[in-house]
Amino acid sequence: MKNAIKYIIFFGIGIGLLYLATKDVDTQQIKDSIRDANWFWIAVSMVLSYLAMILRGIRWNMLLEPIGHKADTWTNIHAVAFGYLMNNLIPRSGEVARCGLVNRAEHIPINKLVGTVILERVVDVVILILVISLTGILQAEALATLFSKIDGGKGRTLLVLALVGIVGLVAFIYVLKKFRANKFIGKIVDFLEGIGNGLRSIFKLRQRVAFILLSLGIWACWLLMSQCMMYALPVTAGMSISDTLFFMVAGSLGMLIPTQGGLGAYHFMSKIGFEALGYSGAVGLTFAWISWVGKTILEIAVGAVGFFVVTRSKIKPAPTTTA
């Protein structure tokens, strides 16, 4: 029931944003543009999207080694793909789902897996900040327009709330440690410490250069994926790589909103992103629909295959212990 309620709420948010994005746009123009799309470039974009998943799986395995674990590389890749599939069903469930799948296949403690996934997200946020900074140099006016459309004067309030949340979490962990002797609280502390061990794994990496290159490679795949989607539409085929970089920032911000696979949120951000570049909202929505549908089909397909492969051929019996 709880998951059903969450699903309905997030789906409602997505539909609401989709309505806001399309209410003043000529949908016939969108249909005509989609009909003229070049499907070769859409296919290339989907290949690049899967390549990014492969790189994510390899990078994830690198974070497990410093904490004394190593999974089969393809198990990690399939688990990452399965995580994307789950995000299309229940927002933000994919990270937990992929950890659960690797836990079943490789018997790596779930808390350590969660810690490395959080670390991955931290690294991605750092790169996103760098990308936004680069975009601010190349597309300063468009970026200012974009933020003026989505901020609404609430940016400072959100920053304060984030800081309060971090301080509150630190205080909560400190209080828990004081009562660690309690069996139930002790389990919570052990779980949190496992997450901490996963987070600290980045400081023990032996292949730091490879890790950085993989992280940059993931974002390069996303950029090239977006550029190929630009080539797929006659109206956007002439857009420069700096325009695509700006749009990738707008799309990434949209994916932060918890809806099923970015439904509505991605479309809304695409529309205002293209408007900030001087294009019509219809062009932004056309691009959003083609890229979102292609991305969603790919994620469902490879996620389902990945789950099938891991559960059918990779799940190993739990190790037995002797007294």
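Q: Why is Trp292 called buried?
A: In this predicted model, Trp292 has a relative accessible area of 13%, and because buried means under 20%, the residue is placed in that class.

Q: What makes Trp289 partly exposed?
A: The relative accessibility of Trp289 is 26%; since the partly exposed class lies between under 20% for buried and over 50% for exposed, Trp289 counts as partly exposed.

Q: How do you know how Trp289 and Trp292 are placed along helix H13?
A: Both belong to helix H13, which covers residues 281-314, and because they are three residues apart there, about one helical turn separates them.

Q: How many aromatic pairs does the structure hold, and why is the pair of Trp289 and Trp292 described as edge-to-face?
A: Searching the whole structure gives ten aromatic pairs. For Trp289 and Trp292 the ring centres are 5.9 Å apart and the planes stand at 85 degrees; as rings pair when their centres lie within 6.5 Å and planes over 60 degrees apart count as edge-to-face, the pair receives that description. Elsewhere, Phe247, Tyr266, Phe274, Tyr279 and Phe287 are linked by ring pairs into a cluster.

Q: What makes Glu95 and Arg98 a salt bridge?
A: Their closest N and O atoms are 2.8 Å apart, and because the cut-off is within 4 Å, the two side chains form a salt bridge. Glu95 and Arg98 are three residues apart in helix H5 (residues 94-106), so about one helical turn lies between them, and both are buried. Arg98 also lies over the face of Trp60, at 4.5 Å from the ring centre.

Q: How do you know that Glu120 and Arg59 form a salt bridge, and which parts does the pair tie together?
A: The closest N and O atoms of Glu120 and Arg59 are 3.7 Å apart, which is why, with a limit of within 4 Å, the contact counts as a salt bridge. Glu120 is in helix H6 (residues 110-138) whereas Arg59 is in helix H3 (residues 39-64), so the pair ties together parts that are 61 residues apart in sequence. Both Glu120 and Arg59 are buried.

Q: Why is Asp124 called buried, and why is Arg121 called partly exposed?
A: Asp124 has a relative accessible area of 5%, and because buried means under 20%, Asp124 is buried; Arg121, at 35%, falls between that limit and the exposed class, over 50%, and is therefore partly exposed. Through salt bridges that share partners, Arg56, Arg59, Glu95, Arg98, Glu120, Arg121 and Asp124 are joined into one network.

Notes
Residues are numbered from 1 along each chain as its sequence is written. This is a predicted model: local features need pLDDT of at least 70, side-chain atom pairs count only at pLDDT 80 or more; totals for chains, interfaces and linings use all residues. Side-chain values use heavy atoms; hydrogens and water are left out. Rings of Phe, Tyr and Trp (its six-membered ring) pair if their centres lie within 6.5 Å; planes under 30 degrees apart count as stacked, over 60 as edge-to-face and the rest as tilted. Helices (H or I, at least four residues) and strands (E, at least two) are DSSP runs, numbered from the N terminus. Buried means under 20% relative accessible area, exposed over 50%, partly exposed in between (1.4 Å probe, protein chains only). A charge sits over a ring if NZ of Lys or CZ of Arg is within 6 Å of the ring centre and within 35 degrees of the ring normal.
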